[in-house]
Amino acid sequence: MQVTILGTSSAIPTFKRGLSATFLDRGAQSFLFDCGEGTQFQIMRAGLRRGRLAAIFITHLHGDHCYGLPGFLSSLGLNNREAKLDIYGPEGVKRLVDFFLSFPRKMRLSYEIEVHEIPPGFEGEILDHKEYRVRTLPLFHRVPTQGYRFEEKPRPGVFDEEKAEALGIPFGPERGQLIRGEALTLADGTRIEASAVVGPSRPGKSFVYCTDTGFCINAKRLAEGCDLLLHEATYGDELTELARERRHATIRQAAAVARAAGAKKFVATHFSTRYDRHGIAKLEEEGRELFPDIIMAKDLMCLDV
């Protein structure tokens with residue numbers, strides 16, 4: 001899995017930083033988390049292929065996280081998309097999408113959109129695919145907001161070709177049977193268990209997206225043991241009280257969540273526009289005190305999960 005961060009600015013864009021949106025690419029399918037204004041332009045700048053987009057996950061209905069939807073949905077239609085697109089978000093997201101599609105005149109799309117609204121306070125799984133699952137928890141913000149955890153299901157262990165040859169296992173569907181964990185009986189009656197040639201299952205990768213949110217336990221719960229955590233870090237220590245009032249996180253608070261959750265990688269994002277590159281360098285110093293390997297997000301930054 002690869003994550004491309006499309007926008008890192010809080011509330012309004014700057015000349016160098018776009019609004020919240022993050023693209024998750026798994027090869028055969030891709031996913032978009034939030035869709036701030038200008039998202040489709042950032043996708044083009046990053047050279048990402050939107051034709052394989054399977055779902056969009058909206059955290060909340062503040063404009064800097066969803067006002068890029070109408071243009072993006074329209075462009076998908078103009079590109080003659082045929083596959084259904086799923087959109088997940090808190091209550092109200094369906095009304096918002098319906099409004100976009102009906103004003104000023106009914107938008108004619110070449111594909112189906114299915115909107116899935118998440119009830120206030122909902123905790124649990126919202127998507128279960130044979131290869132991955134998506135779980136959500138409510139975060140701490142001024143409007144209903146959901147954080148998301150995208151997690152691959154365990155993958156089969158590595159198949160040992162040399163052992164298979166030594167045991168006389170023919171090349172073909174028999175090997176696929178063993179990879180699936182099923183025992184195999186050879187023509188001579190020899191029974192071979194899958195564990196003889198297939199290693200232990202490998203855990204899938206996990207990506208967690210938490211923005212916007214104040215300092216809260218649910219962010220830590222969602223990020224527990226994840227491979228990559230993208231968490232908002234809107235303010236520095238000097239604005240801790242403002243962060244509390246506006247229900248945002250300081251970079252120190254975000255780093256504390258990452259450390260407590262045992263995240264393998266922590267990427268800080270959603271920086272207030274009051275911080276220029278020198279201010280962000282100062283934020284990095286504060287975050288590094290709690291999470292030494294902190295990564296400061298930049299627009300179009302691409303990361304392996």
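These legends describe close-up views of one predicted model. Local features need pLDDT of at least 70 and side-chain atom pairs count only at pLDDT 80 or more, while totals for chains, interfaces and linings use all residues. Residues are numbered from 1 along each chain as its sequence is written, and side-chain values use heavy atoms, with hydrogens and water left out.

**View A. An open sheet of seven strands.**
The strand order is β6-β5-β4-β3-β2-β1-β16, and the pairing is mixed. β6 (113-118) and β16 (301-304) are the edge strands, each pairing on one side only. On average, neighbouring strands of this sheet are turned by 20° against each other, direction ignored. Strands are DSSP runs of E with at least two residues, helices are runs of H or I with at least four, and both are numbered from the N terminus. Two strands pair if DSSP finds at least two bridges between them. Axes are lines fitted to C-alpha atoms, for helices over the stretch in contact; angles run from 0 to 180 degrees between N-to-C directions.

**View B. Strands β1 and β2, with helix α1 packed on the sheet.**
β1 (residues 2-7) and β2 (residues 21-25) run antiparallel and are joined by five bridges. T4 has F23 in β2 as its bridge partner. Helix α1 (residues 39-46) touches β1, β2 and β3 (30-33). The direction of α1 makes about 130° with that of β1. Contact here means heavy atoms within 4.5 Å.

**View D. A salt bridge between R221 and E123.**
The closest N and O atoms of this pair are 3.1 Å apart. R221 sits in helix α6 (residues 217-223), and E123 in the loop between β6 and β7 (124-128). The pair links distant parts of the chain, 98 residues apart. R221 is partly exposed at 36% relative accessible area, and E123 is partly exposed at 41%. A salt bridge is a side-chain nitrogen of Lys or Arg within 4 Å of a carboxyl oxygen of Asp or Glu. Buried means under 20% relative accessible area, exposed over 50%, and partly exposed in between (1.4 Å probe, protein chains only). The structure holds 21 salt bridges.

**View E. A salt-bridge network of E125, R133, R149 and E151.**
R133 is partly exposed, with 27% relative accessibility. E125 is also partly exposed, with 40%.

**View F. A salt bridge between E289 and R252.**
Their side chains meet at 2.9 Å, N to O. E289 lies in the loop between α9 (277-288) and β15 (295-296), and R252 in helix α8 (residues 251-261), so the pair ties together parts 37 residues apart in sequence. E289 counts as exposed at 55% relative accessibility. R252 is partly exposed at 24%.

**View G. Cysteines C210 and C302.**
The count of disulfides, pairs of cysteine sulfur atoms within 2.5 Å, comes to zero. The closest cysteine sulfur to that of C210 is in C216, 7.1 Å away and so too far for a bond. C210 is buried, at 0% relative accessibility. For C302, the closest cysteine sulfur is in C226, at 17 Å, again too far for a bond. C302 is partly exposed, with a relative accessible area of 42%.
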